[in-house]
Amino acid sequence: MTAVPSGGVDAVIVGSGPNGLAAAITLARAGKSVTVLEAADSPGGGTRSAELTLPGFVHDVCSSIHVFGRTSPFFAAEAAALERNGLRWIRPPAALGHPLDDGTVAMLRGTVDETAAGLGTDGDAYRRLFGWLVDDGEALLADLLAPFHVPVLSPRRSLRMARFGLLALQPATRVARRFRGEAARALFGGIAAHSIIRLTEPLSAAAGLVLGAAAHLDGWPFPEGGAWRLPAALVAELERLGGRVETGREVTSLDDLPEHRVALFDTSPSGLASIAQDRLPAGYRRRLERFRHGPGVFKLDIAIDERIPWRNPELLEAATVHLGGTLEEIARSEAEVDAGRVSERPFVLLTQTSLFDPTRAPAGRGTVWAYCHVPNGSAVDATERILAQIERYAPGFRERILGIHAAGPAALEAYNANDIGGDIAGGRFDLGQLFTRPSLRLFDPYATPDPALFICSASTPPGGGVHGMCGALAARSALRRMA
């Protein structure tokens, strides 16, 4: 490929979310000159923080808990650099709590044995389900946080992936019924609901298995001071390597880019199609435009006095709490969303990071981050439904509210253009798109028919989540083209 520099750069990245920054750092480490263009006034994409309610209350605007923030291959390799740039991680005593109406809670704690011990007669079943996943966790994550492949050169890895696949391809409701008690079933169902598809649908079990195992590997950590600390550390490292980030630079066409050898897009598939226009063949462009997005979310950021008055105080040990009752209730809520309706009793994902990070709120006060799934583009205000689910397990919660900031699908998309219709996962993750993110290009899903254009967003493998692997893998693809 022809060399450009002189007045241009080797690579330009459009979008400064974790994937865009991961791509930039990967390229810069390979000795390439890199510029990142960001339309917003600050970098970070879905990992920014702001005082959304009252002065002194730091809320994570999009993502909050970064399950793979230390364990993904990209972040693990960059750990020392990010720490040098001021990033500190907090690991709460428990990764997750899931209350039930009788006052009991299922707690996902550090080790498989610790969690199993709290699940009574389901303890052995829990060990059988997660024990081998966690024992092989680091190696398994490396295979899962990558495009689809069969590690044929390693029979052990091939067998491990096959074993995982046989479980992951099942509906979450089927896997959950390995357990007899409500607590274990609800715990698994809530984790699986992160898939944002029906729990009776094939592949919905995958999120429950991967996120559950990740919790035992590293406890679902989060950055001290707010989600914004992660992109801040990434930007500092990129600048140390000679790259730069330019904010306030909206890109609507390829003419908006500086001279470059390659361009990588941390955008939605339709965003790339719109920007690239005739540089992409019509057939490929149509496939990008037909990419299917999943349900949206309705999110609340809440400033509170003191802390959440949980009926069961054991929940104060967990940074993340799932509110939705039994497995059957959670499955019903997700089925309602899939059918185009907002559930009257939605499954709610909540974090209470200020319990473990005093920098998030004034002394004696706290922040709450909570959302539920809604149909893509829904205009329904789900505020009262979310508050009712919190109050259900924490009577008196409403009396402690000092301020609320609500954001539905339209507001989330306006804030982060990749969240089409409020879809925070970068596209529907189902069997139909498992091997076709963002289009059917099995050998290199990051490349496009144009040898200078690549896509590196969460709409590529391995999909949504703050792990940086979409960007790192796309950058490697670009480096092969540049060789």
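Which helix is Ala474 found in? I looked there first. Ala474 is found in helix α18, which covers residues 469-482. I am working from a predicted model.

**Entry: Ala474**

I checked burial next. Ala474 has a relative accessible area of 0%. The cut-off for buried is under 20%, so Ala474 counts as buried. I then listed its contacts, leaving aside neighbours within four places in sequence. Ala474 is in contact with Leu264, Tyr446, Phe454, Ile455 and Cys456. Ala474 and Phe148 are 326 residues apart along the chain. Their C-alpha atoms are separated by 14 Å.

**Entry: nonpolar cores**

Leu264 came up again when I turned to the cores. The largest nonpolar core has 96 residues. Tyr126, Phe188, Trp220 and Leu264 touch the most other members. Helix α10, residues 205-218, gives this core its largest share, 9 residues.

**Entry: Arg428**

Is Arg428 buried or exposed? I found a relative accessibility of 14%. That is under the 20% cut-off, so Arg428 counts as buried. Arg428 is found in the loop between α16 (409-415) and α17 (431-434). I looked for a side-chain partner and found Glu201. A polar contact of 2.9 Å joins the side chains of Arg428 and Glu201.

**Entry: whole chain**

I finished with the totals. The protein chain has 18 helices and 16 strands. Of its 483 residues, 61% count as buried. I compared the radius of gyration with the globule rule. A compact globule with 483 residues would have a value near 23 Å, and the protein chain has 22 Å, so the two agree. The C-alpha atoms fill a box of roughly 65 × 55 × 45 Å along the principal axes. I counted contacts between residues at least 6 apart in sequence, and 74% of them join residues at least 24 apart. The protein chain exposes about 18,300 Å². Carbon and sulfur atoms supply 52% of that area.

Note on methods: Residues numbered from 1 in each chain as written. Predicted model: local features only at pLDDT ≥ 70, side-chain atom pairs only at ≥ 80, totals over all residues. Heavy atoms only, no water. Helix = DSSP H or I, 4+ residues; strand = E, 2+ residues; numbered from the N terminus. Buried < 20%, exposed > 50% of the residue type's maximum accessible area, 1.4 Å probe, protein only. Polar contact = N/O pair within 3.5 Å; in protein donor to acceptor, adjacent residues only side chain to side chain. Core = buried A, V, L, I, M, F, W, Y, C linked by side-chain atoms within 4.5 Å. Contact = heavy atoms within 4.5 Å. Rg over C-alpha atoms; globule rule 2.2 N^0.38 Å. Areas by Shrake-Rupley, 256 points an atom, 1.4 Å probe, with all protein chains shown as cover.
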